[in-house]
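Keep the sequence and the coordinates open side by side.

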Amino acid sequence: MTRAVVLLIFSVLLASGWIPVQGTEAPAKENSGRRTVEDAVFLRRVYLTAAGRIPSMAEARAFLSDPNPRKRTELIDRLLESEEFADLLAMRLADLLRIKSEFPINLWPNAVQAWHRKLRSDLLADRSWREMLEEMLTASGSNFRVPAANFFRASPDRTPKGLAAVTAQTVLGLRLEKLPGEQQELFAAFFSRIRCKSTTEWKEEIVYTDPAPAVFRAALPGGEVQTIRSPETDPRRILADELLKEDSGFAEAAVNRVWCWIFGRGIFPDPDDLPSGAHHARLEELTRQFRESGYRFRALYRVILNSDPFQLPAGSPEQEAAFTAYPVHRLEAELLIDALAVATGGYDRYMSVIPEPFTFLPARTRAVTIADGSISSGVLDSFGRPPRDSGKFSERRNSITESQRLYLMNSGTLLQRLSRLPGMLFRKRKLNDRQRMDLLYLRILSRYPTEKEHGTILAYRNSLPPKQRWNVWRDLAWALVNSREFLYYH
């Protein structure tokens, strides 16, 4: 039997559960009367959810050995105050706001960098989502110097109806095309006076309200019709005031979208199609808390991450639907590729040869921090990174495909990185087999192996010819990154 066949069998056995891996079936424990997952499961789950990465070996060791009963709450607070939380949320909002240089959005690199940097700084400062939206809806000026002015440029269709559609989706979680035609036309009227003009600077545009006099009727979806006299009254100012009222639905849409980012599906499953007038006790309570916080994402994340649904063990689909079990779902492309980079010590390179000027990102760039939807890689695209053409959550593909399996189990690049990993971890250290196994598990899965796993892996090692036994550590690393425990939130 060839080494490749042995490795394949070992990987399949581990990923399928024949070699036990603690994960979706991790036992729950009682924590102050609550049924929660084990510390190791919580640790990995919260780092991925709030920081977009897996914990380091030092962080895992420290948390798992900490006897402090408040360590989970304190870890949540630390992660939500970190720059990595701002990086992760900036990626989420960049998907929603269609931040992309190239076709069909065509923001171009200067505008992309300016807007992404502004979003990240606002999130790091914990700025109100309502204030951020108000700025986007009313911004005028250069799209290079007033980053929020790109909100109305980041649409494949810049007609009034196209701008109305992306605004309804972004702010209200509403698919405008589902409304009666008259309501669509009345809402689109708010955007009928928006204009853009070029300057002498490459790809710069000025966003402004047409100064020519006009009188027209407009209304929010299902709202009262208003007569607007422009330019005495800026239609976008009226739009922002109406859209961002407490009872307009924008807060519910934001809460449902954040729930989707955390759990892989919204309280109402599609975050871009929040049913009009729909009620759900959990959504209403979280929306109340979101309002009381001043519409701040950090406060909303803090409530959800400390809640029972986030800290519950995985369960059946019926339990997930009833919010009595954590929904297992696959890591997003950027988080998965970054997790592989941290685990193996090998980072991908990202560049875009169009548009000019060519863009080359620095070495060891985290995929989560890539500002431009036009800059990607074949691996990221294969794992479902969204193209940011529409801003819809459905653009992100989180199902496992054959090309992904081929990469994870047969990639020469990944083999090289995993082959180097044992030497990196074990170099100049006197270790026994149990200690080596502990290091690999901490590095890749952020936990220690169970006694059963120790026995199974050592039995596999002893079955190999003596000259090949060192390769068990590479095989183990490859098996672990192909396991469900590594590839999924669990």
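Begin at Leu-80, which sits in helix H4, residues 71-80. The model is a predicted one. Leu-80 has a relative accessible area of 0%. That is under the 20% cut-off, so Leu-80 counts as buried. Its contacts beyond four places in sequence are Ala-50, Phe-85, Arg-298, Tyr-301, Arg-302 and Leu-305. Thr-49 gives a sense of distance: 31 residues separate it from Leu-80 in sequence, while the two C-alpha atoms are 10.0 Å apart.

Now turn to helix H12, residues 281-292. Check its geometry first. With 12 residues at 1.5 Å a residue, H12 should span 16 Å. The C-alpha atoms at its ends are 17 Å apart, which agrees. Next, look at which residues are hidden. Leu-283, Leu-286, Thr-287 and Phe-290 are buried in H12. They cover an arc of only 105° around the axis, so they lie on the same side of H12. The general rule behind such a pattern is simple. An α-helix has 3.6 residues a turn, so residues three or four places apart point the same way. On the other side of H12, Ala-281 and Glu-292 are exposed. What do the buried residues of H12 pack against? Their partners are helix H7 (129-138), helix H11 (250-263) and helix H13 (297-305). After H12 comes Gly-294, with a positive phi near 85°.

Move to Thr-209, in strand E5, residues 205-209. Is Thr-209 buried or exposed? It is buried, because its relative accessible area of 19% falls under 20%. Another polar contact, of 3.4 Å, joins the side chains of Thr-209 and Arg-236. Leaving out residues up to four places away in sequence, Thr-209 touches Arg-193, Ser-230, Asp-234, Pro-235 and Arg-236.

Charged pairs come next. Side chains of opposite charge can pair when their charged atoms come close. A search of the whole structure finds 44 salt bridges. One of them joins the side chains of Glu-84 and Arg-53, at 2.6 Å from N to O. This pair links distant parts of the chain, 31 residues apart. Glu-84 is in helix H5 (residues 83-97), and Arg-53 is in the loop between helix H2 (39-51) and helix H3 (57-65). Glu-84 is partly exposed, at 22% relative accessibility. Arg-53 is buried, at 16%.

A second case is Asp-270 with Arg-175, whose closest N and O atoms are 2.8 Å apart. Asp-270 lies in the loop between H11 and H12, and Arg-175 in the loop between helix H8 (160-172) and helix H9 (181-188), so the bridge ties together parts 95 residues apart in sequence. Asp-270 is partly exposed at 27% relative accessibility, whereas Arg-175 is buried at 13%.

Finish with Arg-385 and Glu-334, whose side chains meet in a salt bridge of 3.4 Å, N to O. Again the pair links distant parts of the chain, here 51 residues apart. Arg-385 is in the loop between helix H17 (378-382) and helix H18 (402-410), and Glu-334 is in helix H16 (residues 333-344). Arg-385 is buried, with a relative accessible area of 4%. Glu-334 is buried too, at 0%. Which residues share this network? Salt bridges with shared partners join Asp-95, Glu-334, Arg-385, Arg-388 and Arg-396 into one network.

Notes
Residues are numbered from 1 along each chain as its sequence is written. This is a predicted model: local features need pLDDT of at least 70, side-chain atom pairs count only at pLDDT 80 or more; totals for chains, interfaces and linings use all residues. Side-chain values use heavy atoms; hydrogens and water are left out. Helices (H or I, at least four residues) and strands (E, at least two) are DSSP runs, numbered from the N terminus. Buried means under 20% relative accessible area, exposed over 50%, partly exposed in between (1.4 Å probe, protein chains only). A polar contact is a pair of N or O atoms within 3.5 Å; within protein, one must be able to donate a hydrogen and the other to accept it, and residues adjacent in sequence count only if both atoms are side-chain atoms. Contact means heavy atoms within 4.5 Å. The expected span of a helix is 1.5 Å times one less than its number of residues. The arc is that of the directions from the helix axis to the C-beta atoms. A salt bridge is a side-chain nitrogen of Lys or Arg within 4 Å of a carboxyl oxygen of Asp or Glu.
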